[in-house]
Amino acid sequence: MPDSKIPQDAITPESVFLNRRNFMRAGLVAGTALATSAAYRAFNPIIAQETSTPEPALALQSATDKLNTWQEITHYNNFYEFSTSKQAVAARAADFITTPWHVEVGGLVAKPQVFDMLDLLKLEQAEFIYRHRCVEGWSMVIPWQGFELRKLLELVAPTISNGFVAFETYYDAQQMPNGRFAGIELPYVEGLRLDEAMHPLTILATGLYGKPMPNQNGAPIRLVVPWKYGFKGIKSIRKITVVDTMPPTTWHKSAPQEYGFYANVNPDVAHPRWSQADEQRIGEFRRRPTQMFNGYADQVAHLYQGMNLEENF
Ligand SMILES: Nc1nc2c(c(=O)[nH]1)N[C@H]1C(S)=C(S)[C@@H](COP(=O)(O)O)O[C@H]1N2
Ligand SMILES: [Mo]
């Protein structure tokens with residue numbers, strides 16, 4: 001991990017992180033706007049405060065949505081460039097070189113810019129505890145850190161208001177030897193409608209559990225859109241482009257009848273080959289019901305008013 005390149009105050013030992021559970025609870029269950037703002041906190045003040053007044057532990061965790069462990073989050077991954085076996089990704093991605101790194105942000109914007117990763121880490125980092133629901137029917141709860149995507153878009157000043165945002169993963173066949181066998185077209189590409197991209201729940205994540213983003217989770221920077229299926233969360237981003245037409249997306253190109261552009265978590269719209277009504281939370285015994293918009297309906301349902309969610313799946 002490129003620890004030496006990460007500002008020291010962006011790193012939280014896991015022990016300190018675990019003492020902060022009461023702060024995270026609100027973001028975890030995040031049903032209301034109030035809960036969302038509670039999940040958004042400047043990083044440094046929390047560390048200072050929590051280190052001096054450690055909180056009692058377990059009782060403060062949500063009874064229904066416990067954080068997944070570091071081990072679970074970092075050893076059960078989808079990152080086809082490295083492996084199509086979830087358990088193998090961590091080892092295969094271990095030598096992935098992510099420093100130096102830059103992200104090119106452009107397209108229909110007034111101030112296109114190539115951002116060095118070190119400068120992106122200087123943007124105020126916050127923590128976001130989100131449910132993560134893969135289209136395959138499994139889920140986790142992950143304590144990300146990062147910043148709202150809209151903060152970055154505001155820096156480049158989009159010149160349109162009704163467009164889309166296209167994302168592209170770095171691709172290097174040398175470093176990502178499974179690329180040729182992945183069965184998908186690479187580089188991996190994804191997209192959001194501009195209003196989805198500007199939504200405060202949409203983040204660019206730069207780490208988890210207070211540590212720099214592990215390679216297998218999309219180092220050094222990846223998208224997280226908690227009300228959408230996990231494949232929207234494109235990893236190891238190199239390019240972000242504001243565009244005026246709906247951009248192509250990797251899984252939609254691969255199987256358009258199975259993976260839509262919107263990919264909103266929806267228990268009522270089955271995948272052609274399996275139900276989406278319930279999910280396997282990693283670490284739990286029984287499957288649990290899947291929630292509309294992954295439990296974030298209060299905050300995002302308005303974005304899709306009047307849209308047929310069966311057609312625009
Ligand atoms: N570049 C790239 N991004 C990707 C993927 C991928 O294979 N390549 N897999 C997606 C899928 S299907 C999921 S569920 C999430 C998994 O993220 P995680 O490994 O951090 O849980 O990453 C998404 N982003
Ligand atoms: Mo996924």
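**Entry 1: the lining.** I started with the largest pocket of this predicted model and sorted its lining by class: 16 residues are nonpolar, seven are polar and four are charged. I then looked up which element gives most to that lining, and it is strand S4 (residues 138–148), with four residues.

**Entry 2: the space.** How much space lies in the largest pocket? I noted about 450 Å³. The lining counts 27 residues, and those closest to the pocket centre are Asn78, Phe79, Tyr188, Gly230 and Phe231.

Entry 3: Around ligand 1 I listed 16 residues, of which Asn77, Tyr80, Glu81, Gly233 and Lys235 come nearest. Sorting that shell by class gave me six nonpolar, seven polar and three charged residues.

**Entry 4: polar contacts.** Which side chains put a polar atom by an oxygen atom of ligand 1? I wrote down asparagine 77, with a polar side-chain atom 2.9 Å from a ligand oxygen. For asparagine 217, I have a side-chain N or O atom 3.0 Å from an oxygen atom of ligand 1. Arginine 222 also has a polar side-chain atom at 3.0 Å from an oxygen of ligand 1.

**Entry 5: burial.** Ligand 1 taken alone exposes 540 Å², and the protein buries 98% of that.

Technical notes
Residues numbered from 1 in each chain as written. Chains lettered and ligands numbered in written order. Predicted model: local features only at pLDDT ≥ 70, side-chain atom pairs only at ≥ 80, totals over all residues. Heavy atoms only, no water. Near = heavy atom within 4 Å. Polar contact = N/O pair within 3.5 Å; in protein donor to acceptor, adjacent residues only side chain to side chain. Areas by Shrake-Rupley, 256 points an atom, 1.4 Å probe, with all protein chains shown as cover. Nonpolar A, V, L, I, M, F, W, Y, C, P; charged D, E, K, R; others polar. 1 Å grid on protein atoms, 1.4 Å probe; cavity = no way out; pocket = protein on both sides within 12 Å on 5 of 7 lines; lining within 4 Å. Points joined across faces, edges and corners; volume = space filled by probe spheres on them. Helix = DSSP H or I, 4+ residues; strand = E, 2+ residues; numbered from the N terminus.
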